[in-house]
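Have the sequence and the model at hand as you read.

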Amino acid sequence: MQPMLEARNLTKRFGPVTAVSDASFAIRSGAITGFLGPNGAGKSTTLRLFLGLVQPTSGSALIDGKPIHEWPIPSLKVGAALDAQCVHPSRRAIDSVRWAARLAGVPTSHAEDLLERVGLSAVARQRTGKFSLGMRQRLALAIALVGDPEIVVLDEPMNGLDPEGIAWLKDLLRSLRDQGRTVLISSHLLAELEDLVDDLVVIAGGRIIGSGSATAFIDRFHPQTISVLSDKPEPLCAAVIEAGGEVLDMQGQRMEISGLTSIQLGEIARDAGIALLGLTEERSLKRAFTHATATITDIPGELG
Ligand SMILES: Nc1ncnc2c1ncn2[C@@H]1O[C@H](COP(=O)(O)OP(=O)(O)OP(=O)(O)O)[C@@H](O)[C@H]1O
Ligand SMILES: [Mg+2]
């Protein structure tokens, strides 16, 4: 199936800075894809390249097979919230949404519904200058959805949202996916993305580290570690090292080890007369991401 968004050998240089370097990846239709990378990795630049807000130095950024400028009314194809400051501060929220609707050539009568959908009905007629960051994020989202687009691209939309707001946003994005839409979302809040995204694109230093299923990414990059709580951490530490394991971290009664299976660890503890009070094989997107970006700088490719 044709990818909904595709980067082909995409490069963007700003003078001496290469923000995006020979990036190739594809984003499938009907999925939520997380776009992850440390600060300055090139996420926003890549999203801007897809939306035609900056021009590539070389390569291409395609929306459903074509550059954005080849779509007659781009906002019907792709809705984007890249910058929560995008609206004029002296304009009322509802007028900003109506203005976006006019630009997209769609009826302005849905503006009220859109503001309700993003939880801003109560402030629809207020000027946006004094809106909080969270309110601006919601407004930017309403504007992104104005053309009822097939693809929704969001740059750090969780910034400024409180926990309830984040949960609400996740539900909204899931409902967009359930309608068959494609969602691409960049975020630093890795723990929040964990139960949201189907796929990932991971970028560091302008280069794509991996793309594909989130589960495959975690399987590939997650360090094999066990977090263990014991009544005698120091003797356990010595026994682990003696058995060829490695102690990565120790805090009070808890330590994190690698190089042993949980069964081996249980046997070592039993033989040393140490009680294990808890044992978890931790698995998280955050740890896989940290490990991938810290250790891998040179493995482009598909994951799963
Ligand atoms: N208009 C520009 N002119 C010059 N350099 C730029 C421009 N836009 C981005 N850059 C540089 O390109 C690199 C990538 O920036 P970008 O904003 O794409 O990263 P990011 O992954 O979105 O970072 P963050 O997580 O902080 O939002 C950075 O070194 C940045 O300074
Ligand atoms: Mg950015």
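By class, how many residues of the shell around ligand 1 are nonpolar, polar and charged? The shell has five nonpolar, six polar and one charged residues. Keep in mind that this is a predicted model.

**The ligand site**

The residues surrounding ligand 1 are F14, V17, A19, P38, N39, G40, A41, G42, K43, S44, T45 and H188. Helix α1 (43–50) and strand β2 (17–27) each give two or more residues to this shell. The largest share, three residues, belongs to α1.

Side chains of N39, K43 and H188 place polar atoms by oxygen atoms of ligand 1. The distances are these:

| Side chain | Distance to an oxygen atom of ligand 1 |
|---|---|
| N39 | 3.0 Å |
| K43 | 2.7 Å |
| H188 | 3.2 Å |

How much of ligand 1 does the protein bury? Alone, the ligand exposes 640 Å², and the protein buries 58% of that.

**Helix α9**

Helix α9 spans residues 233–242. Its buried residues are P233, L236, C237, A239 and V240. They sit on the same side of α9 because they cover an arc of only 165° around the axis. An α-helix has 3.6 residues a turn, so residues three or four places apart point the same way.

What do the buried residues of α9 pack against? Their partners are the strands β10 (225–230), β11 (246–251), β12 (254–258) and β13 (276–280), plus helix α10 (262–271). The face turned away from the buried side carries exposed E234, I241 and E242. Just after α9, G244 adopts a positive phi of about 95°.

How values were computed. Residues numbered from 1 in each chain as written. Chains lettered and ligands numbered in written order. Predicted model: local features only at pLDDT ≥ 70, side-chain atom pairs only at ≥ 80, totals over all residues. Heavy atoms only, no water. Near = heavy atom within 4 Å. Polar contact = N/O pair within 3.5 Å; in protein donor to acceptor, adjacent residues only side chain to side chain. Areas by Shrake-Rupley, 256 points an atom, 1.4 Å probe, with all protein chains shown as cover. Helix = DSSP H or I, 4+ residues; strand = E, 2+ residues; numbered from the N terminus. Nonpolar A, V, L, I, M, F, W, Y, C, P; charged D, E, K, R; others polar. Buried < 20%, exposed > 50% of the residue type's maximum accessible area, 1.4 Å probe, protein only. Arc of directions from axis to C-beta. Contact = heavy atoms within 4.5 Å.
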